[in-house]
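Trainee: I would like to learn how to read a few features of a model. Please take them one at a time.

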Amino acid sequence: MKTPFLKVLLGCAVATMFLTACGDDGSDGLPSAPQSSAEGPVTTSSDSSVPSSSGDAPVSQATDPQSSSAVVAPESSAEVDVPPQGGGYTPGTLEEEIAKDAPFVEASAANGTLLPLAEVLAAVQPTERVVFVLRHARRGSSTGRETPLHMTGVNQCQTLGAMIAAVNATDPIFYAHSDFVRTESTAKNIFAGRGGDTTQFVSTVVQKLAGGGYVKNDSLLDLHAAEDFETNQLKVFASWMYKGEYTDTFNDLTETSVALLTQYILPSFPPEYRIGIMISHDMVVAPLTAYLTKQAVDFKAYEDLKKWLGYVQGVAIIIAADGSRRYIPVNGLYGQYADLDGVNKK
């Protein structure tokens, strides 16, 4: 279902993927399942404005051009503050889940190239379910909780939504995100780009998507990245993810990723949905994707900052009828890596 507006959008050279970190926290939270409809979850009204940037301390390296008040603003969402019991997935102990997930990761170990999200969605079998965990679209110039999307980010989301509609225009989609304005705006603009009426948009807050639990000691992270925090934070994260450094600063990659996946992401994905989209931040999506592909994906920012996770990139978690899973890194719109000017570097 494409409106004239979307046709104009798709005819434009929209959006760029900017390689910056986002400033996340590690708060917990869980969702409740929404009602389904022909276009996805339904209810609540939309506000036409976007909150101004907050005074939260920035923890990333970029200053984007001006943010836009033309963004489709987020609205209130369902929220539950404790891990779900049952629902889409009932986890065992962490040790059991690590052992269960190991063969799925091993089978996904060759998946180092980010594939177009729409192509991955089109290849999902009728008996399978998929949830995409993505970094938000391009944000405004600060990293606070209320920082809105840049207008380029709005275009990124709506173009992705139109691409999704081209391969699947009817299946309801479950939307979830962290409690940041830019993640909810990303989800809502994807919904709009798919042809949804934004007054009928409903989503779920999963607060764990704000930080994932990866950072063990924020003060040590600040210390390790102190000389050039905005650049070095990416290098510190990447050095931990790929070389096992900074164990004083981070929790175990495997344990944290499996806990995030099996205690929050999968239980939050209602079983009545075949498709889910969860919007998070680079400091969550990058280590999760690295773990799920057994470090095959190249986010080695200590070698080259352009290798870091870009906007609207992440991982597809595909769930078979027997409960087995496979993991595919995905790119919402562009080539494997892109910079502010939209030039693919790899």
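Trainee: Among contacts in the chain between residues at least 6 apart in sequence, what percentage join residues at least 24 apart?

Mentor: The share is 84%, where contact means heavy atoms within 4.5 Å. Residues are numbered from 1 along each chain as its sequence is written, and side-chain values use heavy atoms, with hydrogens and water left out. This is a predicted model, in which local features need pLDDT of at least 70 and side-chain atom pairs count only at pLDDT 80 or more, while totals for chains, interfaces and linings use all residues.

Trainee: How many helices and strands does the chain have?

Mentor: The chain has nine helices and eight strands. These are DSSP runs numbered from the N terminus: helices are H or I with at least four residues, strands are E with at least two.

Trainee: At what angle do H8 and H9 pack?

Mentor: Two packed helices are described by the angle between their axes and the distance between the axes. Here H8 (residues 253-265) and H9 (residues 282-292) pack at about 105°, and their axes are 10 Å apart. Axes are lines fitted to C-alpha atoms, for helices over the stretch in contact, with angles from 0 to 180 degrees between N-to-C directions. H8 and H9 are therefore roughly perpendicular, the class for 65 to 115 degrees.

Trainee: Which residues of H8 meet H9?

Mentor: Leu253, Thr254, Ser257, Val258, Leu260, Leu261 and Ile265 do; their partners in H9 are Val284, Pro287, Leu288, Tyr291 and Leu292.

Trainee: Is H8 mostly covered or mostly uncovered?

Mentor: H8 is mostly covered, with ten of its 13 residues buried. Buried means under 20% relative accessible area, exposed over 50%, and partly exposed in between (1.4 Å probe, protein chains only). The buried residues include Thr256, Ala259 and Tyr264. Over the chain of 346 residues, 56% count as buried.

Trainee: What is the phi of Lys294, and what is that of Val312?

Mentor: Most residues other than glycine have a negative phi, and most peptide bonds are trans. Lys294 has a positive phi near 55°, and Val312 has a positive phi of about 55°. Lys294 lies in the loop between H9 and strand S7 (313-319), and Val312 is found in the loop between H9 and S7.

Trainee: Is Val312 buried or exposed?

Mentor: Val312 is buried, at a relative accessible area of 0%. Lys294 counts as partly exposed because its relative accessibility is 42%.

Definitions and conventions. Parallel < 35°, antiparallel > 145°, perpendicular 65-115°, else oblique.
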